[in-house]
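Dear colleague,

Here is the structure we spoke about, with its sequence.

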Amino acid sequence: MFWGFSEALDFVHEYNKLLPEDAAPPESLNILLFGGGDPRHVLAAAAKLFETPKLTVNFYCVEGCIELIARQMLLVSIAFENPALLSVKGKTHLFMDLFGNTLIRPFSTAYLNGKASVLTNIVTDHEYAQRYAPIFVLDALKYKERDQLENVFRFWTNGPQHVFNIARYWDDRVRVQMGERYDNRNGAFDWDLQMRLRENGAKQICPQEYKHWRETGIAFTFPEYEQTDPNKTFAVGLVRNGMAYHHRGSVGDNATGPYISFGQHAPEERLIHSKHGVNDFRSTDITERNVLQIVYEIQEKQPYRFDPRDIHQFGAHQLDMGKSLNKYESRTDPLQAVSYEASPLLECNNLKVHFLSVEDVLRVQEGDKFSNRFDAVFVASNYFSLLKDDFARSWKDRCLVCCETRQLTTFSKEEINTHNEAIKVWAKRNSLQPVTNFSINKNYSVLMYKHLG
């Protein structure tokens, strides 16, 4: 729910691969992310836009939950934060902390506390939004949805009424799911990793990091940091009653993890080297490398040159994760963080991120509002069941249609194959030509098609 089950894709690059050799490059691209879960595709494309300064890219993000919109706004803001406030390494670790950890560093809490007021102004004040974060377009959101976003951001600030015991909620979910196997959960976690995730292709995930995440919800750990504060961006279903909040607690994926989006592949072959099943680098280390490249290229607008000193290498090490003594407590004292209002986000004149209404989950497939709008479409695996044949009305000729599979998850091979076959049947019914080469024996996290028009 809070992250995807496929790698970050640069849709500009993927779309250009479909163009005939003599075709002129497009002047603009409209890309629909139908339930992306996180902004990985937005950031992957944004990092490379310095190579095509004349191209304008519009991302349209539609989610079935207002809290996911709030999280995506936050995560994109981190990547575009002014370098006077945060270094590239600082942005990288802050992004990873808020993206994948149920418990976060005090610094991350201070940032979240300070940024919440800025995000509130963005959704409530159009002139402020244009001045501070012009990459965000919120025109499609209804007034009630803006009010809901304001409530979410207010909950992120510290206060006695803003309690979120994510550590206890996580442990309760694990106990319910494991049942009588709870006392032997370490073996169950190892079986899920070795017999499901790694067998399905997610080989970069290491036992130490996966088991720690299944136990605590903390996915990305480094020896120099200690995660102690609850990550309030995981709170879903917030309802404000006077000064107090009611919420649904911990929801979303707690079997696969946030390792797929950025942590499976790297351009440097030595980073994915493995010997006797032991990786030199964890998926956490690969995530650090890939997020750092994205943040660097967005900020510097030039290619990133990998330096091994930029990242950690703990694949073959057994780290002492330590214990969080106050994990069931919530920090309620107001934090005096840096004022993020003084420095607008980095400029990116050829990128716009449009956040659509929650009601557009179904409306984007019907009517004439989005007719012949999109050059590329991404469909998340858990949104596939919502697709209708009328969806094709919103595609342009030669539209790139990408459907996320369940390959890099803990689903069984039978469930994965069933889902893949359903995608293929739907694609054939909608006159989609395969771009993915099904003739080779390879498993794909995304199946790509081209609309024939």
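In helix α10 (residues 207–216), the buried residues are Gln208, Glu209, Tyr210, His212, Trp213 and Arg214. Buried means under 20% relative accessible area, exposed over 50%, and partly exposed in between, with a 1.4 Å probe and protein chains only. Helices (H or I, at least four residues) and strands (E, at least two) are DSSP runs numbered from the N terminus. The model is predicted, so local features need pLDDT of at least 70 and side-chain atom pairs count only at pLDDT 80 or more, while totals for chains, interfaces and linings use all residues. Residues are numbered from 1 along each chain as its sequence is written, and side-chain values use heavy atoms, with hydrogens and water left out.

The buried residues of α10 pack against α4 (88–100), α8 (166–178), α9 (185–200) and α11 (283–300); contact means heavy atoms within 4.5 Å.

In strand β11 (residues 374–379), 6 of 6 residues are buried. β11 pairs in the parallel sense with β1 (residues 28–34) over 4 bridges, and Phe378 is the bridge partner of Leu33. β11 also runs parallel to β12 (residues 395–404), joined by 5 bridges; Val377 has Val401 as its bridge partner there.

Regards

Technical notes
Pairing = 2+ DSSP bridges.
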